[in-house]
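Biologist: I'd like to learn how to read a model like this, one feature at a time. Could you give me the general idea each time, and then the case at hand?

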Amino acid sequence: MSGYISYMDILGFTSKIKSADFEKKYKNLITKIGNQFSLDSKTRIYVVSDSIIITSQEFQSVKAYARMIYTWGMRDDFWIRGAIAQGDIEMIEPAVIVRANKNIIMPYLGEAYLTAYNLESNLNMAGIAIDENVKPDNPDLPLEVEYTDGYMEYQEYLPKEGNEKKKRILLPSDNEEIYITESLHFREMLKSHSEDLDKYINTFCFYIKLLLIKSDKVNVGEFLKKLIEQLSLQGRHLLIPERVIVIFIAVIDSLFARHDAPNNNYSEASLKSDIGAILDALKVQGYVAILSDCLLEFDKKRETKLYKKVHDIIQ
């Protein structure tokens, strides 16, 4: 049958499962999933070790449940990476999986499963990508309204080779981006994600973009203030300069996007002030030359003019 599927992978499962804290979080997630899905007859969910699979003929159901599970994980420092695809699926009944002899056999879940699995494996962050061919339940209403339809176009700053293009990344539950972004600041999050810094940075940059474009002026100001404070206290000790600069390029890029957005309430004077504060903080740390080199390389890869924009705004 035709439908939708979300394949999700719990990141770091193999290396962390022996941790008592990680095991507690895993059991808590499984309990939440079991309670939430117990009354839904239109959706199937399968949890096998570090994999979570959701199937339904209704796109909104798959999107809502994937979003819910992903947000639970991010709030609890339990990172999940996944994808949603559309196509041929199988809605497998429990009786088919659990055989009479008590053996558990997971049948083939359809072509869409392979699409979701491959898209998930191409991500280099904690997030859920929506396949470019996915359409909502009404084919006359394509999934194309960014933010309104629950996703954001995002191009990873440190992508896997061959996967540099933009992807539609599912947003967390409403108003959760502020809390999650706060939890991602250097020292707190690096303690549990030091084994893969690029995933951490890509995830942090996704939330930076989301917060700086969507949030009000007060939240933006508070975020920038704390980030600059963290740079002076922790940045050089926890990340190599080039990785610190990636985070600040994401900030600068997002501030310009906020300013250039239609109906924005972010003046050029505010933009100039915020960019100036960032450059001053990087100058104190001796990062300005590295920033210039990284901006030029960023523009070359993406065919943008961010270096020129920064130069022009501070003149």
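Biologist: Where is the place of Glu303?

Modeller: To place a residue, you ask which elements flank it. Helices (H or I, at least four residues) and strands (E, at least two) are DSSP runs, numbered from the N terminus. Glu303 sits in the loop between α12 and α13 (306-313). The model is a predicted one, so local features need pLDDT of at least 70 and side-chain atom pairs count only at pLDDT 80 or more, while totals for chains, interfaces and linings use all residues. Residues are numbered from 1 along each chain as its sequence is written, and side-chain values use heavy atoms, with hydrogens and water left out.

Biologist: Is Glu303 buried or exposed?

Modeller: Go by relative accessible area: buried is under 20%, exposed is over 50%, and partly exposed is in between (1.4 Å probe, protein chains only). Glu303 counts as exposed because its relative accessibility is 74%.

Biologist: And what is the phi of Glu303?

Modeller: Most residues other than glycine have a negative phi. Glu303 has a positive one, near 60°. Asp77 also has a positive phi, near 55°, and Asp77 lies in the loop between α3 (59-75) and β4 (80-88).

Biologist: Zooming out, how many helices and strands are in the chain?

Modeller: The chain has 13 helices and 7 strands. Of its 315 residues, 48% count as buried. For the way the chain folds back on itself, look at contacts, meaning heavy atoms within 4.5 Å. Among contacts between residues at least 6 apart in sequence, 70% join residues at least 24 apart.

Biologist: Which residues have the most contacts inside the largest nonpolar core?

Modeller: In soluble globular proteins, nonpolar side chains tend to be buried together. A nonpolar core is a set of buried Ala, Val, Leu, Ile, Met, Phe, Trp, Tyr and Cys residues joined through side-chain atoms within 4.5 Å. The largest one here has 91 residues, and Ile10, Ile69, Phe206, Phe223, Val251, Leu255 and Ile275 have the most contacts inside it. Helix α10 gives this core its largest share, 11 residues. Take Ile10: not counting residues up to four places away in sequence, it touches a set including Phe22, Tyr26, Leu29, Phe78 and Trp79.

Biologist: Which side chain does Asn163 join in a polar contact?

Modeller: Asn163 is in the loop between β6 (151-154) and β7 (167-170), and it counts as buried because its relative accessibility is 16%. Its side chain makes a polar contact of 3.3 Å with that of Asn122. A polar atom of the Asn163 side chain also lies 3.4 Å from the backbone oxygen of Glu161.

Biologist: Now α11. Is Leu282 buried or exposed?

Modeller: Leu282 is in α11 (residues 268-284), and it is buried because its relative accessible area is 0%. Setting aside neighbours within four places in sequence, its contacts are Leu231, Ile245, Phe248, Tyr287, Val288 and Leu291. Leu231 is 51 residues away from Leu282 in sequence, with 8.2 Å between their C-alpha atoms.

Biologist: Last one: which residues lie nearest the centre of the largest pocket?

Modeller: On a 1 Å grid over the protein atoms alone, a pocket is an open set of points where a 1.4 Å probe fits, with protein on both sides within 12 Å along at least five of seven lines; lining residues have an atom within 4 Å of a point. Of the 15 lining residues here, Tyr157, Leu158, Pro159, Phe298 and Lys301 lie nearest the centre. Helix α12 (288-302) supplies the largest share of the lining, 5 residues.

Key:
A polar contact is a pair of N or O atoms within 3.5 Å; within protein, one must be able to donate a hydrogen and the other to accept it, and residues adjacent in sequence count only if both atoms are side-chain atoms.
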